[in-house]
Structures are given as C-alpha cells and as structure tokens.
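Biologist: I would like to learn how to read a fold from a set of coordinates. Could we take the features one at a time, with the general idea and then the case at hand?

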Amino acid sequence: MFAGMTMPKFSPDQFVRFIGGEGKVREFHAEAGNWSYLVEMEMGEEPEMGRIGFETMILLPETDLEAARI
C-alpha cells in the first residue's frame, strides 16, 4: 500500500450501491492515491440475441460507493 493511504473501504464480493444502480465488488486497486473498484452490476433479463459475457461492469471511485443494505 502507498504511504499515507487508508485501507480500502470495500472488499471483493461485497454488495455496494451507487447513483444509477448497485452491484458486487469484483476487484479494487489504488489509482492516483485513491481506491477504485470494479463493480459487477446485476444483469437484467437476457436479451433475445443472448449474452456474450459480462455487459455490466463499471469502474468507480470509492467516493461514489456506499455499502448496500441486504
């Protein structure tokens, strides 16, 4: 960890919420002295043409996340 950085607030497999949705933390890493999280959003119904893979991953800074109430 970088000197002066705090510990990450969220951990892998933790459910989080953000403006526009919610999902599960898959990874996190330090970026410019702050934590960024790769969040997998829940998938909706499967489209008629099927799915190729994860279409719902988003990279967000820690300040945009809060723990989801389960």
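Modeller: Start with one residue. At 30% relative accessibility, Phe-28 counts as partly exposed. Keep in mind that this is a predicted model.

Biologist: Which ring does Phe-28 pair with, and how is a pair of rings described?

Modeller: A pair of aromatic rings is described by the distance of the centres and the angle of the planes. The structure holds three aromatic pairs. One of them joins Phe-10 and Tyr-37, with 5.5 Å centre to centre and 80° between the planes, an edge-to-face arrangement. Phe-10 is in the segment before β1 and Tyr-37 is in strand β3, so this pair ties together parts that are 27 residues apart in sequence. For Phe-28 and Trp-35, the ring centres are 5.5 Å apart and the planes stand at 75°, so that pair is edge-to-face.

Biologist: How should I read the side chains along a strand?

Modeller: In a regular strand the side chains alternate between the two faces of the sheet. β1 is a case to look at.

Biologist: Which strands does β1 pair with, and in what sense?

Modeller: β1 pairs with β2 in the antiparallel sense over four bridges. β1 also pairs with β5, again in the antiparallel sense, over two bridges. To locate these pairings in the model, find Val-16 opposite Gly-23 in β2, and Arg-17 opposite Glu-66 in β5. β1 and β2 form a hairpin with two residues between them, and Gly-20 in the turn has a positive phi of about 105°.

Biologist: Which residues have a positive phi although they are not glycines?

Modeller: Asp-13 is one, with a positive phi of about 75°. Asp-13 lies in the segment before β1 (15-18) and is partly exposed, with a relative accessible area of 48%. Ala-32 is another, with a positive phi of about 55°. Ala-32 sits in the loop between β2 (21-31) and β3 (34-41) and is exposed, at a relative accessible area of 79%.

Biologist: Where is Leu-65 found, and which residues does Leu-65 touch?

Modeller: Leu-65 is found in the loop between β4 and β5 (66-67). At 6% relative accessibility, Leu-65 counts as buried. Not counting residues up to four places away in sequence, Leu-65 touches Phe-10, Val-16, Arg-17, Phe-18, Tyr-37, Val-39 and Leu-60. Leu-65 and Val-39 are 26 residues apart along the chain, and their C-alpha atoms are separated by 9.8 Å.

Biologist: What share of the contacts with a separation of 6 or more joins residues 24 or more positions apart?

Modeller: The share is 40%.

Biologist: And Thr-56: is that residue buried or exposed, and what is Thr-56 in contact with?

Modeller: Thr-56 counts as buried, at 15% relative accessibility. Its place is in the loop between β3 and β4 (57-61). Leaving aside neighbours within four places in sequence, Thr-56 is in contact with Val-39, Glu-40, Met-41, Glu-42 and Met-43.

Notes
Residues numbered from 1 in each chain as written. Predicted model: local features only at pLDDT ≥ 70, side-chain atom pairs only at ≥ 80, totals over all residues. Heavy atoms only, no water. Buried < 20%, exposed > 50% of the residue type's maximum accessible area, 1.4 Å probe, protein only. Phe/Tyr/Trp six-rings, centres within 6.5 Å; stacked < 30°, edge-to-face > 60°. Contact = heavy atoms within 4.5 Å. Pairing = 2+ DSSP bridges.
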